[in-house]
Amino acid sequence: MNEIGLSQVLFVSCALFFIGIYGFLTRRNMITMLMSVELILNSVNINFIAFNKYLFAHKLDGLFFTLFIITIAAAEASVAIAIIINLYRNYHTIDVEEVDTMKF
Amino acid sequence: MNASVIIFYIIAAAIIGCGLLAVTSLKIFRSAVYLLFSLISIAGLYFFLDYEFIGAVQIVVYVGGIVVLIIFSIFLTQGSGGLMKKPALGRMVFAGLATLFGAILTYMLINNQLFISSNKQAIAPSVENIGAQMLSTTEHGYILPFEVVSMLLLAAMIGCIVIAIKVKTPELKNSVDTKDIEYRAADNLTIENKDIKIVV
């Protein structure tokens with residue numbers, strides 16, 4: 001094994017994706033759940049870049065998908081943090097199990 | 001094992017180790033810092049794969065933007081020092097099992113898959129090529145998603161301001177009340193004046 005192939009990079013992104021899923025399932029604090037979502041999005045970005053480099057080097061499409069995912073992740077994070085701040089102002093907590101106004 | 005393989009394994013270990021610490025650390029500020037190092041290592045992986053522009057964008061947007069935003073929201077919503085609640089043991093065990101089996105399944109799929117790379121002429125992912133294709137209006141151009149994403153960013157910005165803006169609670173401002181208060185104030189003033197006069 002003298003060269004890094006596609007599967008090694010895919011193993012890294014796979015591990016990162018499931019780490020993000022684990023964090024999303026266990027955490028109950030909204031900011032940490034948002035951090036887990038960022039990890040998941042980053043693993044998808046690594047996948048796109050790896051496929052673009054190793055399989056479709058004659059195109060740049062994976063790179064553009066990564067760029068647009070980064071942009072949308074930034075928009076998503078900013079909206080999520082605005083919601084978190086609004087929630088904290090109204091309930092003084094950001095634990096997802098203590099905010100249940102819309103439950104009933 | 002040559003140098004590039006060793007460098008790749010160091011980067012991969014940094015990504016996965018910092019990611020694991022980011023989702024398991026009980027101190028929220030530490031967790032954000034581990035996320036920062038994980039994202040920097042991912043930028044390092046992009047540099048390793050010769051995608052310098054994406055690596056630079058990763059550092060600028062994620063490390064310079066999103067992590068700073070997350071840290072600010074931590075400061076605004078809760079103290080950075082306190083320990084968070086530990087997740088329930090059952091949830092940890094079952095989430096761990098689910099992710100472990102998912103990871104093993106994906107691992108086996110990747111292992112058995114035969115990837116066939118194209119043998120066409122490769123395009124260098126340089127800023128020149130990226131910019132030319134991003135803003136071209138020809139068949140493989142990305143001008144339409146570019147414009148749509150710019151509209152999305154504008155909408156997200158306005159939405160953030162609308163959601164996070166502090167709504168002023170309507171103060172109790174009945175006209176009668178304020179008049180009463182004014183009358184009382186006036187009475188007090190005259191009484192004080194009288195007192196002062198008496199004293200003088």
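This is a predicted model: local features need pLDDT of at least 70, side-chain atom pairs count only at pLDDT 80 or more; totals for chains, interfaces and linings use all residues.
For the complex, the predictor gives an ipTM of 0.92 together with a pTM of 0.83. In chain B the mean pLDDT is 84, and 84% of the residues reach 70 or more.

Chain B contains seven helices and zero strands, so that, read from the N terminus, its elements follow the order α-α-α-α-α-α-α. Chain B has 200 residues, of which 18% count as buried. When contacts in chain B between residues at least 6 apart in sequence are considered, 47% of them join residues at least 24 apart.

The contact between the chains involves 61 residues from chain A and 69 residues from chain B. On the side of chain A that touches chain B, α1 (6-26), α2 (30-54) and α3 each supply at least two residues, and the largest share, 20 residues, comes from α3(A). The composition of that side of chain A by class is set out below.

| Class, side of chain A that touches chain B | Count |
|---|---|
| Nonpolar | 42 residues |
| Polar | 14 residues |

Is Leu67(A) buried or exposed? Leu67(A) counts as buried because 23 C-beta neighbours lie inside 10 Å, where the cut-off for a buried residue is 20 or more. Between Leu67(A) and Asn45(A), which are 22 residues apart in sequence, the C-alpha to C-alpha distance is 8.6 Å.

Key. Residues are numbered from 1 along each chain as its sequence is written. Chains are lettered from A and ligands numbered from 1 in the order in which they are written. pLDDT is the predictor's confidence in each residue, from 0 to 100. Helices (H or I, at least four residues) and strands (E, at least two) are DSSP runs, numbered from the N terminus. A residue is buried if 20 or more other C-beta atoms lie within 10 Å of its own, exposed if 12 or fewer, and partly exposed in between; C-beta atoms are placed from the backbone. Two residues are in contact if their C-beta atoms, placed from the backbone, lie within 7 Å. Ala, Val, Leu, Ile, Met, Phe, Trp, Tyr, Cys and Pro count as nonpolar, Asp, Glu, Lys and Arg as charged, and the others, Gly among them, as polar.
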